[in-house]
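Subject: Structure for your reading

Dear colleague,

Please find below the structure that I would like to hand over to you. My notes on what was found in it follow directly after.

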Amino acid sequence: MSTPANTAPTKVSSVKAGAEDSIRRGPPVEVVRYGPGKRINHWVTAISLILLLLSGLAMFHPSLFFLTELFGGGQMTRWIHPWIGIVLFFSFFILFAQLWKLNLPNRDDVQWASQIGDVIGGHEEKLPELGKYNAGQKFIFWGMASLIIVLIVTGIMAWEQYFGHLTSIPTQRIALLVHSLAAVAIILVFILHVYAAIWTRGTISAMTRGTVTGGWAWRHHRKWLKDIAGRGRIDPAE
Amino acid sequence: MANTMDSPRTAVSNPPVQPMETNLTQKDLIRRSATSELPRPERQLTPVAKLIDVSKCIGCKACQSACVEWNDTNPAVGENVGVYTNPHDLTADMYTLMRFTEWVNPETDNLEWLIRKDGCMHCADPGCLKACPAPGAIVQYSNGIVDFVHENCIGCGYCVKGCPFNIPRISKADHRAYKCTLCSDRVAVGQGPACAKACPTQAIVFGTKEDMKKHADERIADLKSRGYTNAGLYDPPGVGGTHVMYVLHHNDKPHIYSDLPDNPAISAVVETWKGATKYAGLAVMGLAAAGSILHGLFAKANRVSKHEEEEAKELVDESVEHADKRVEDA
């Protein structure tokens, strides 16, 4: 009670080891980007998306029909595809609920997007300092979110086994056309997502071990790093 | 050659009794679902057709019974809801259905009882086959019959969306699509379809498509002489013609016969989905994947420098010092 709450000193050691958005002093300096919950959530979504992509492509183009063998044949592929879609929908939207605020666009995103040439050229020093997400990551986030909604809605309309009579046949035709277009779009977003994670070295550990190096945070998300350092979210333990 | 023959010419006469080989083989396919390279058949079977003369139909449903018997489908006993149409719709166990319509002719003010035997039309350009994603689940023989090959069917219901006539039904029991086969198993050995064989008034006749058109012409001339000036043959060109045709006394308005489409064609939505989308979509995805692999191999990766790691360390150290100082001050 001796110190009022608003002037309370930042106690460095108060951060729980391994907490999200905290710094491990090291050396080397590491920053915790994702806690275990989000990582599990991400990988459930990722595996679902890959399975949906494989089973969906099998039914999309005859030259890829052989992919049905991965699921135990055509009947199994047709049966399992919508159920994986349900898993992905819920898994993604648990993630969505936790991340949407941080993915709201801001002024820096406009600047970042207008300098897309410097982004692709790797001239990060010319770009504004960024928070936890850049405009590219936000594009992937909102792209995935909106396409998943389109895919689940049209997918249910085309789900013959349970919803074959929910809508008229002409409506189902449109649903299937939209479903396949949205599927192509989400696969493009998926390729962009995976590619960006690989091209930007040091990113993947954020989703495996949950951490990135201090330098990675400094280079790509300096505002985020400064923010958590400024708030004293530093775990001094080695 | 001795034991095979071309398409049967009629459903009325009894077939030969000696054992016969089927004349509908894999080599007689002119289309096969989800298959691009199909060898051209060496022989062309004479195209067949079933002609349904609605003006001669008495609504006895012998065709439905014959269909159930021949195909051994055993549909469940239904419920009478006060209309003659029974069962209420085509099902995976009922490939043909007499649809009854009470229509008041605005010109004569007469009540006309229209009866149309509904079922697969065996389109020359089949929408079901175009929509089907499973190789070989839907085939078209050179005699015009469009047939479902159930062991290849995956139960997705795309055929239902592809069909301009709303014919295929997916079985709730085995999740495969069913429809009229035009009794391909009978036609293959020189017999006509069971429904045509059973029809007591020969409202349903079967033979070569050419013969059926000639027969239809005679029937239409007869109907016209009786005052049905719009009598005509329903062989819709939008689907390339069909191998099940109707003689309609009001061929100017097919829709009065329980919503028989006036100008059926494969939906433009289905054409887009199974045309441009399928090919362009695959190309775009392939290019994006190949492009990112190439960029990954040849372009410089975005790497964090040692200097940046040091900058981060400095920042963190400073923050810790600040914090420690504040703790001390307090």
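I begin with the sheet of chain A, in which four strands lie in the order E3-E2-E1-E4; the sheet is open and its pairing is mixed. At its edges are strand E3 (211-213) and strand E4 (234-235) of chain A, each of which pairs on one side only. Strand E1 (residues 22-24) of chain A runs parallel to E4(A), and two bridges join them. Within E4(A), Asp235(A) is the residue that stands opposite Arg24(A).

Please keep in mind throughout that this is a predicted model.

Chain A as a whole

Chain A contains 10 helices and four strands. Read from the N terminus, its elements follow the order β-β-α-α-α-α-α-α-α-α-β-α-α-β. The C-alpha trace of chain A spans about 70 × 45 × 30 Å along its principal axes. Of the 238 residues in chain A, 36% are buried. If one takes the contacts in chain A between residues at least 6 apart in sequence, 67% of them join residues at least 24 apart.

How confident is the predictor in chain A? The average pLDDT of chain A is 90, and 93% of the residues score at least 70. Residues 1-10 of chain A are another matter: pLDDT stays under 50 there, and the model has eight contacts beyond four places in sequence for this stretch. Where pLDDT is low, the predicted coordinates should not be read in detail.

A helix with a buried face

Helix H10 (residues 222-230) of chain A has these buried residues: Arg222(A), Trp224(A), Leu225(A), Ile228(A) and Ala229(A). Why do the buried residues of H10(A) line one face of the helix? Seen down the axis of H10(A), they fall within an arc of 160 degrees, so they line one face. Just after H10(A) comes Gly232(A), with a positive phi of about 70 degrees.

The nonpolar cores

The largest nonpolar core has 106 residues. Those with the most contacts inside this core are Ile186(A), Cys132(B), Ile138(B) and Cys159(B). Helix H7 (residues 169-199) of chain A gives the largest share of the core, 11 residues. A second, separate core has 20 residues, including Val29(A), Val31(A), Ala217(A) and Ile228(A). Ile228(A) is also one of the buried residues of H10(A).

Which residues does Cys159(B) touch, not counting those up to four places away in sequence? They are Cys128(B), Ala131(B), Cys132(B), Ile138(B), Pro168(B) and Ala177(B).

Where the two chains meet

In the contact between the chains, 49 residues of chain B meet 56 residues of chain A. On the side of chain B that touches chain A, the elements giving two or more residues are helix H3 (158-162), helix H7 (268-298) and helix H8 (306-329) of chain B. H7(B) supplies the largest share of that side, 14 residues. Sorted by class, this side of chain B has 25 nonpolar, 14 polar and 10 charged residues.

A hairpin in chain B

Strand E3 (residues 97-104) and strand E4 (residues 111-118) of chain B pair in the antiparallel sense over eight bridges. One of the pairs is Phe100(B) with its bridge partner Ile115(B) in E4(B). The two strands, E3(B) and E4(B), form a hairpin with six residues between them, and Asp109(B) in the turn has a positive phi of about 65 degrees.

Backbone details in chain B

Most residues other than glycine have a negative phi, and most peptide bonds are trans.

- Asn86(B) and Pro87(B) are joined by a cis peptide bond, with omega about 0 degrees. Pro87(B) lies in the loop between helix H1 (62-71) and E3 of chain B.
- Lys61(B), in the loop between strand E2 (48-53) and H1 of chain B, has a positive phi near 70 degrees. Lys61(B) is partly exposed, with 19 other C-beta atoms within 10 Å.
- Asn166(B), in the loop between H3 and strand E7 (169-170) of chain B, has a positive phi near 55 degrees. Asn166(B) counts as partly exposed, with 15 C-beta neighbours inside 10 Å.

Yours sincerely

Terms used. Residues are numbered from 1 along each chain as its sequence is written. Chains are lettered from A and ligands numbered from 1 in the order in which they are written. This is a predicted model: local features need pLDDT of at least 70, side-chain atom pairs count only at pLDDT 80 or more; totals for chains, interfaces and linings use all residues. A residue is buried if 20 or more other C-beta atoms lie within 10 Å of its own, exposed if 12 or fewer, and partly exposed in between; C-beta atoms are placed from the backbone. Two residues are in contact if their C-beta atoms, placed from the backbone, lie within 7 Å. Ala, Val, Leu, Ile, Met, Phe, Trp, Tyr, Cys and Pro count as nonpolar, Asp, Glu, Lys and Arg as charged, and the others, Gly among them, as polar. pLDDT is the predictor's confidence in each residue, from 0 to 100. Two strands pair if DSSP finds at least two bridges between them. The arc is that of the directions from the helix axis to the C-beta atoms. A nonpolar core is a set of buried Ala, Val, Leu, Ile, Met, Phe, Trp, Tyr and Cys residues joined through C-beta atoms within 7 Å.
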